[in-house]
Amino acid sequence: MKFRYVLIHMAEYNFDNLKDIDPPEYLSGRILAQIGEHKKRMARINFFLFETAGLVSLAIAAASFKFAIDDFSQSGFYSYASLIFSDLNVIAVYWKDFVILLAESVPLLWFTAFLASIFILLESIKNALKNKKIILLTNKFV
Amino acid sequence: MNELETEKMIIASVEGSEEAFSELLGFYLKPVFNFVFRMAGNAKDAEDITQEVFIKLWKNLKKYEPGKNFKAWLFSIARNTAIDWLRKRKNISFSEFEDEEGENQLFNLVPDAGPWPDELAVKAENSKIMDEMVGKLPVIYKEVIVLRYKNQFTFEEIGKITKRPLNTVKSQHQRALNSLRKLLDASD
């Protein structure tokens, strides 16, 4: 079979004769569906992780709150604090020392654990809800 | 879609806009599919590879650095995905001959058809013939030809996409054209 020869300048040669192939019409829908599925799968995993983190932090918050209250009552904080009502003049003079004394008597470790666990709990709830929303709404993408 | 619009779409997609991602997909699906089709050689594989490319794009869109050439970045994902796919299918038998610069020593042994003239004589009866000829090229040459002439990438951009030095890309381009010429001569 003989073909006709065409002289084409290199600079102008655009391989125009390489035909454009149209992707099948269903392909973009299939890709979006796959992405939707992936998104949903990731959201399910994240939801489970945040749910677990939320429950764990709730348990830690409850326990640390209890320990904080117990330590608080044993720390002598109430006795020191009652000085405000009985010896206000002395406290006014030595207020810096008094503040340090009060701060030292506070069970800081448990309070810190309590506040941190509350923070993690709130973040977990926020992220769990966000992922739940993705799970419920992902069908729109598909 | 110009670069500014593309950037806007990317930012919106990263922020979770499904419409923006759909628009990006709609705009780049055809060129990516065409490139991948020529790498894979058949529509079925091209569909699967294209799907994987856009899923990778969706996953990695956050890593895209604004101001960089998005099309070249996307094509590097497409190229790597296609190469991985072909390797899995063991369709690339010559990869073991590639050196660290991506040069295929096996094809270096093939004698040159002679100095390349300023003008290229090409039998271009119809698109089917051109497609067949390009399809017969080794993947390493095919990608350079398709990226250069079908997608209008510069040699520098091709170098970034294929992670090869500029000079390597240029010599591969030259060899690709030589190979194409040989194939066209042989089909006479």
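B:K163 sits in the loop of chain B between α8 and α9, the latter covering residues 166–186. Keep in mind that this is a predicted model. The phi angle of B:K163 is positive, about 55°, although the residue is not a glycine.

Is B:K163 buried or exposed? There are 12 other C-beta atoms within 10 Å of B:K163. A residue counts as exposed if that number is 12 or fewer, so B:K163 is exposed.

Next, B:Q152. Where in chain B does B:Q152 lie? B:Q152 is in the loop between α7, residues 139–150, and α8, residues 155–162. The phi of B:Q152 is near 55°, a positive value, and B:Q152 is a residue other than glycine. B:Q152 is exposed, because 11 other C-beta atoms lie within 10 Å.

Now from the loops to a helix. B:A20 belongs to helix α2 of chain B, which takes in residues 18–40. How many other C-beta atoms lie within 10 Å of B:A20? There are 18, so B:A20 is partly exposed. To be buried, a residue needs 20 or more.

Which residues does B:A20 touch, once residues up to four places away in sequence are left out? The contacts of B:A20 are then B:M9, B:A12 and B:S13. One distance to go with that: from B:A20 to B:I10 it is 7.3 Å, C-alpha to C-alpha, and the two residues are ten residues apart in sequence.

To recap: B:K163 is exposed, B:Q152 is exposed, and B:A20 is partly exposed.

Technical notes. Residues are numbered from 1 along each chain as its sequence is written. Chains are lettered from A and ligands numbered from 1 in the order in which they are written. This is a predicted model: local features need pLDDT of at least 70, side-chain atom pairs count only at pLDDT 80 or more; totals for chains, interfaces and linings use all residues. Helices (H or I, at least four residues) and strands (E, at least two) are DSSP runs, numbered from the N terminus. Two residues are in contact if their C-beta atoms, placed from the backbone, lie within 7 Å.
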